[in-house]
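Please keep the sequence and the coordinates at hand while reading.

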Amino acid sequence: MSDLPADLPRLHVLRTWHVMWLARIDEAIAAAEQREAEARRGAEVRPPPPAYVVQLGIGTGPPVAVHVGDCPVAGSRVRPLDAEQARRALVDVEACSMCRPDTELGVLG
């Protein structure tokens with residue numbers, strides 16, 4: 001015994017309904033594949049993080065800390081530094097206690 005209707009008009013309606021849903025599912029799959037492809041391309045072309053960054057204070061205040069470039073606590077207000085600039089900055093600015101750029105640069109004290 002089938003759970004489908006026996007008459008032809010209702011079978012056509014069910015088929016049409018399922019074809020419409022399949023089209024919606026195919027569109028959703030295509031959109032998800034597009035998002036994943038864009039994310040992969042973005043990751044491939046994203047420049048590497050700078051070697052070091054200085055975390056800036058709010059407004060015109062002094063710098064807050066020096067971080068290794070990919071330190072997760074650096075925040076969004078940062079300026080990139082090369083190794084020599086980071087060494088000079090560590091004279092006046094505190095080193096991050098999590099990523100320890102001073103240890104990495106050999107500047108202790």
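Which residue in β4 is the bridge partner of Ala-65? The partner is Glu-94, in what is a predicted model. That pairing belongs to an open sheet of 4 strands, arranged in the order β3-β1-β2-β4 with mixed pairing.

**The sheet**

- The edge strands of this sheet are β3 and β4, each of which pairs on one side only.
- Strands β2 and β4 run parallel and are joined by 2 bridges; besides the bridge between Ala-65 and Glu-94, Val-66 has Ala-95 of β4 as its bridge partner.

**Helix α2 and its surroundings**

- Helix α2, which spans residues 83–92, has Ala-86, Ala-89 and Leu-90 as buried residues; because the buried residues fall within an arc of 105 degrees when seen down the helix axis, they line one face of α2.
- The face turned away from that buried side carries Val-91 and Asp-92, both of which are exposed.
- The cover over the buried residues of α2 includes the strands β1 (52–55), β2 (65–68), β3 (78–81) and β4 (94–95), together with the helix α3 (101–105).

**The nonpolar core**

- In soluble globular proteins, nonpolar side chains tend to be buried together.
- The largest nonpolar core in this model has 14 residues, and those with the most contacts inside it are Tyr-52, Val-66, Leu-81, Ala-86, Leu-90, Cys-99 and Leu-105.
- At least two residues of this core come from each of β1, β2 and α2, and α2 gives the most, with 3 residues.
- Leu-81, one of the core residues with the most contacts, is in contact with Ala-51, Tyr-52, Val-53, Val-54, Ala-86 and Ala-89 when its neighbours within four places in sequence are left aside.

How values were computed
Residues are numbered from 1 along each chain as its sequence is written. This is a predicted model: local features need pLDDT of at least 70, side-chain atom pairs count only at pLDDT 80 or more; totals for chains, interfaces and linings use all residues. Side-chain values use heavy atoms; hydrogens and water are left out. Buried means under 20% relative accessible area, exposed over 50%, partly exposed in between (1.4 Å probe, protein chains only). The arc is that of the directions from the helix axis to the C-beta atoms. Contact means heavy atoms within 4.5 Å. Two strands pair if DSSP finds at least two bridges between them. A nonpolar core is a set of buried Ala, Val, Leu, Ile, Met, Phe, Trp, Tyr and Cys residues joined through side-chain atoms within 4.5 Å.
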